[in-house]
Amino acid sequence: MNSIGEACTDMKREYNRCFNHWFAEKFLKGDGSGDPCTDLFKRYQQCVQKAIKEKEIPIEGLEFRGHGKDKPENSS
Amino acid sequence: MVKYFLGQSVLRSSWDQVFAAFWQRYPNPYSKHVLTEDIVHREVTPDQKLLSRRLLTKTNRMPRWTERLFPARVAHSGYILEDSIVDPQNQTMTTFTWNINHARLMVVEERCVYCGNSDNNSWTEIRREAWVSSSLFGVSRAVQEFGLARFKSNVTKTMKGFEYILAKLQGETPSKTLVETAKEATEKAKETALAATEKAKDLANKAATKQQQQQQQFV
């Protein structure tokens, strides 16, 4: 799947390969420590955030809404 | 006005397979309308949850009749954010998805909760809620209310006009505004002056005729 930044697609693929492996083999099995993909992620993010700014996509400052529609409850 | 949707789906795969597949689902034969996909934020929380934000761009497919009403909107693709929390300890995942442009036209928000099926461990349940809202409902309500208010004001004018003309036709002195009174007073004064002049002229003429007649008698 293409990245929004044409130049970022390869970096995204590389990162995704690393992430998908770590996610299934480590994270879901309870071992969330030691993310081996941080460097790849940083490279990918530099590229994609630049593309987002260039295309003026308004994602700046939007509060995380993963908790749902209402104000985020305290998750514990 | 908000339209609400609630639905439930089942995937015949275990929760860990579904959660892994969640990150690999694009592209697929049913996602031709999805143009790009990017992770724009990701972190593991101290309590071992994975928070992610995914940015999607999608084609903005709308029915033909909207093209004339919103030509600019049709051209621009839609930007959608999907925020998610994966909780492997509780084997649940929550997602919240919404559009960050075209919002003046319509906002669609979707919240999903993925969890293991209570009857069958190797299945995954998805509880899906959505809210569809449009501020255009507000605009159409405002137009309606303005139309009604203007109509009511016109009805008042209609009735006042009727009362006015009826009174006039029935020889009553209709109540007038000060401006109208002043205007009519001026007009009336003019008429009176004119009438007086005419009467004076008339009297003068009559007097002259009588004098002539008297003179003729003496001759």
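**Exercise 1. Find what the side chains of B:D83 and B:R53 form, and where the two residues sit.**

Step 1: The side chains of B:D83 and B:R53 meet in a salt bridge, 2.8 Å from N to O. Here a salt bridge is a side-chain nitrogen of Lys or Arg within 4 Å of a carboxyl oxygen of Asp or Glu.

Step 2: B:D83 belongs to strand β4 of chain B and B:R53 to strand β3 of chain B, so the pair ties together parts that are 30 residues apart in sequence. Helices (H or I, at least four residues) and strands (E, at least two) are DSSP runs, numbered from the N terminus.

Step 3: Both B:D83 and B:R53 are buried. Buried means under 20% relative accessible area, exposed over 50%, and partly exposed in between (1.4 Å probe, protein chains only).

A note on the ground rules: this is a predicted model, where local features need pLDDT of at least 70 and side-chain atom pairs count only at pLDDT 80 or more, while totals for chains, interfaces and linings use all residues. Residues are numbered from 1 along each chain as its sequence is written, chains are lettered from A in the order in which they are written, and side-chain values use heavy atoms, leaving out hydrogens and water.

**Exercise 2. Work out which helices A:E14 and A:R43 link.**

Step 1: Their side chains meet in a salt bridge, 3.2 Å from N to O.

Step 2: A:E14 is in helix α1 of chain A and A:R43 in helix α2 of chain A, 29 residues apart, so this pair links distant parts of the chain.

Step 3: A:E14 counts as partly exposed because its relative accessibility is 34%. A:R43, at 42%, is partly exposed too.

**Exercise 3. Check whether the span of α1(A) agrees with its 17 residues.**

Step 1: The expected span is 1.5 Å times one less than the number of residues.

Step 2: That should give 24 Å, and the end C-alpha atoms are 24 Å apart, which agrees.

Step 3: Look for buried residues in α1(A); among them are A:K12, A:W22 and A:F23.

**Exercise 4. Describe how chain A meets chain B.**

Step 1: 35 residues of chain A are in contact (heavy atoms within 4.5 Å) with 41 residues of chain B.

Step 2: The area buried between the chains is about 3,200 Å², with carbon and sulfur atoms giving 65%. Buried area is the accessible area (1.4 Å probe) that two parts lose on being put together, summed over both.

Step 3: Two salt bridges are counted between chain A and chain B. A:K12 and B:E37 meet in a salt bridge (2.9 Å, N to O).
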